[in-house]
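Dear colleague,

I am handing over the structure below, followed by notes on what was found in it. Please read the notes with the coordinates open beside them.

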Amino acid sequence: MKKLSVKLFSLTVVATSLFLNSCSSSDDPDPIIPVEAQVIENLNAGVMNGTLKESFTLSSTTQYSLTGQFIIDKGAVLNIPAGTRIVAGNGGTDVYLAILKGGQININGNPSNPVVMSSVNGNPGDWGGLTICGKATTTAGIDAEAEVGGFLYGGTDDTDSSGIIRYLQIVGTGAQINPESQYNGVSFYAVGSGTLIDNIAVINGSDDGVEFFGGTVNASNLYLENNDDDSIDWTEGWSGTVDNAFISHTVSGFSTVFEGDKDNNNPKFNNITAISTVGGTALQFKKQSGATITGLSLTGYDVSIDMKDDGPLDNVIIDGETADPNLNYTNTPTTTAQDFPWVDTDLTLGDNLLQGTVTGEFTLDANINYVLNSSYIVQDGGKLTIPAGTKITARDGGTGVYIAVLQGGEIDIQGTSDNPVVISSANANPGDWGGLTICGKATTTAGIDAEAEVGGFIYGGTTDNDSSGSITYLVIKGTGAQINSESQYNGISLYAVGSGTTIENISVINGADDGVEFFGGTVSATNIYLQNNEDDSVDWTEGWDGTVTNTYIYHTIAGFSTAFEGDKINNNPQFVNVTAISTVGGTALQFKKQSGATITNLYLSGYDMNIDMKDDGPLVNVQIDGVDANPATDYSTGTQIDISSWTWKN
């Protein structure tokens, strides 16, 4: 929320008309009820409006109507028992609850009977929400003026208590104050650590779910669903802790999961799970802000870490390490929606949505049209089975959308020639999504437990016969999302994948980077079709020494890099039956540094350059049909691969 000033409406003095049954022809003047007494009288009638200056306990058997500003003054305590329902009028900024410095609110809901505050329809922006002002420290100073209501907050008592909130559900908050400002679901202004906050749900807020303006208050068990701005926001040096939060976004256009701003007093967050079905940014830190986060799981976001003002990344510690914007943090959830059975919600993420993690054995259903919405990661010990005929549409989400199989995980793609598995963006445009990445335990010159350029995943070991599963009859389209100025995803990236892995009959079409790239490892492949991949069709590095049998490459769009690119040391990978055809010129086979290969039955057509020893490496490293490669040879005498039976390839 931005800075604002809201004038409190003056409280109306209510006159009660009394008809006196007497002989007199003149009426007696109506008695004047004091404002304080009127507030109590309204409460007894189920109406909340005005300023409460004495302690009062609501009744769980009464449904209360919040018709305006209800303010708990210094020295007053409002007690709200379990099961109480408060219905806020659709009054926008004129309808809210506020607890002033020295006042208290005790919300005593329980799992069976939470306290609910909601507008009639629960639409975002219907009313203002709950504001609490305390006496703890804030960088805004002592007696700072809140952006909500102009209330005063801030002091020197970090152990100050504003009461207790247990099992509270708030719906439809975030009323629009002006083009720049809105209310939050719950605003904590310099609230002290003596305040107990446990089990709060904020749903359908037009602004933040909860926001901390300085203070030392802690909170546990937060459920935050479809809040249009930030789910958790903090500023002014808040230094509390949040334990256990489940955050979800299914409506596009929100701001962030977290937004930290200004000075970093290192608030703590433990067990945070956030899920989006609509992309977006997860964690944003402005100026010098930061936090320490343990047990983070993000799923479905396009951007994991955004240092908005280029603040230091080491202000943000995630699971013991400095935050890394290149990591997705798609880990096994530490908190789930099922941990909040008391929350009344109809949230559904959809059975056809693929995102998050696979930790056990999971089999897709070929009858379901799946949407790959985000990263979908098979963890160590997990196995993903994709039966023949399965169609997966990847969201056009760039680097945030991909499938990865980590070390110790397996993928089993069971396509057939009649029913291949197809994974493609809707329009199959280059760079729409990331592709498939597999990490294994075989040897690589990058060493043991190397870090992949994709996702920061770990790969490499000593098990050359390692198996990451089986891939048969797979078609991939529209991959190659741009990671940074130097890196892009490939159609299929094979990081130290072992020879125990089966790869047969794969097609990669319209990739913005490589079709297939091998980073070390010993895996082999049979029958690969590569069409219009904008960088290299087949790329290898880090000492890969597998074999590819039957490679068909086709270029009809100018500007690609090469059909083959080999890099670094030469472990002599084998290629049997290679056909590469270009209608737009270009370079066919490029070898960098000391790389090389043995190629049997090579057919090249249409390239301007057939052999390019980029770094003047020895031609003897490249053996083609039993002799050293020769840049002057056109290599058009080999037998073309007959792909007429590869009807599955498109």
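Asn 199 is found in strand S16, which spans residues 196–203, strands here being DSSP runs of E of at least two residues, numbered from the N terminus. The model is a predicted one, in which local features need pLDDT of at least 70 and side-chain atom pairs count only at pLDDT 80 or more, while totals for chains, interfaces and linings use all residues. Residues are numbered from 1 along each chain as its sequence is written, and side-chain values use heavy atoms, with hydrogens and water left out.

Most residues other than glycine have a negative phi. Asn 199, although not a glycine, has a positive phi of about 65°, and at 5% relative accessibility Asn 199 counts as buried (under 20% relative accessible area, with a 1.4 Å probe and protein chains only). Ala 496, also not a glycine, has a positive phi of about 50°; Ala 496 lies in the loop between strand S40 (492–495) and strand S41 (502–509), and is buried at 0% relative accessibility.

Turning to the cysteines, the count of disulfides, meaning pairs of cysteine sulfur atoms within 2.5 Å, comes to zero. Cys 133 is buried, with a relative accessible area of 1%, and Cys 439 is buried with a relative accessible area of 1%.

Best regards

How values were computed:
Buried < 20%, exposed > 50% of the residue type's maximum accessible area, 1.4 Å probe, protein only. Helix = DSSP H or I, 4+ residues; strand = E, 2+ residues; numbered from the N terminus.
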